[in-house]
Amino acid sequence: MTRVAVVGAGISGLAAAYALQLRGLEVVVLEQAGSVGGRMQTRSEQGFTWDAGAQFMLPHYRYMRRLMAKLSVSFSRHVVPPVTATVLPGRRIYYTRAGSAIGVLRHPALSRRTRARLGRLMWIAWRYRHRIDWYHPERTAPFDTDSLRAWGDRVLGPDAVDWLLAPSTSGLFFWEAEETPWRYAAALALAAAAGGCCVIALDGGMGAVPQAHVRFLDTRLRTAGHQV
């Protein structure tokens, strides 16, 4: 039997080790730290429990959902209200209903020019909806040549990026507009047009997924690597 060592017990290493083991290989996972999960850990201290890294998943993470089903990890779906809040100059808070085109276009921070152009984003997202795939980003290569910042500034206007698009991407993916491909903005626009989106929260925290892997894998913690 072929023996394989996977270095690192983060979710990527654990998932790879589990997949290899299902294919009949003998796998051992080596982790330098004293716990598994990496950035996908749930911690508890002084009566509080929190996710140290990833806090939720989106429903279209279909591969992860299949993996959780194999590992018997339970989860709950939570509808995210399509409402965002913006702090405007003067400390005034403006609430936008993202699932309503009228609500978005009424945002007081947007110029008339930007409001007139904002519908273009929805139209482009709808036109290319069959090519916007989170798992096959290469399909968008022919029309995805700009960052969200470059594309948004040119096509919509800087105010649309600053007040609508950048907060959404940074809140969901922790990416700045300058490093976000604009196809993600298109996908978010489709979700907004549908009236919001759902997120998946795991019962017991996100750390339940790596912990479930450990039940099936030979995982060795506090293992120092000297030479590979």
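**Close-up 1. Salt bridge between Arg3 and Glu26 in the predicted model.** Arg3 is exposed, with a relative accessible area of 63%.

**Close-up 2. Salt bridge between Arg149 and Asp162.** The closest N and O atoms are 2.8 Å apart. The pair links distant parts of the chain, with Arg149 in helix α5 and Asp162 in helix α6 (residues 158-173), 13 residues apart. Arg149 is buried, with a relative accessible area of 19%, whereas Asp162 is partly exposed at 40%. Salt bridges with shared partners join Arg149, Asp153, Asp162 and Glu178 into one network. Buried residues of α5 (residues 148-155) also include Trp151 and Val155.

**Close-up 3. Hairpin of strands β3 and β4.** Strands β3 (residues 42-45) and β4 (residues 48-51) pair in the antiparallel sense over four bridges. Glu45 stands opposite Phe48. Two residues separate the strands, and Gln46 in the turn has a positive phi of about 55 degrees.

**Close-up 4. The largest nonpolar core, with 23 residues.** Val29, Met64 and Leu202 are among the residues with the most contacts inside this core. Elements that each supply at least two core residues include α1 (11-22), α2 (62-71) and β8 (197-202). Leaving aside neighbours within four places in sequence, the contacts of Leu202 include Met57, Phe75 and Val209.

Note on methods. Residues are numbered from 1 along each chain as its sequence is written. This is a predicted model: local features need pLDDT of at least 70, side-chain atom pairs count only at pLDDT 80 or more; totals for chains, interfaces and linings use all residues. Side-chain values use heavy atoms; hydrogens and water are left out. Buried means under 20% relative accessible area, exposed over 50%, partly exposed in between (1.4 Å probe, protein chains only). Two strands pair if DSSP finds at least two bridges between them. A nonpolar core is a set of buried Ala, Val, Leu, Ile, Met, Phe, Trp, Tyr and Cys residues joined through side-chain atoms within 4.5 Å. Contact means heavy atoms within 4.5 Å. A salt bridge is a side-chain nitrogen of Lys or Arg within 4 Å of a carboxyl oxygen of Asp or Glu.
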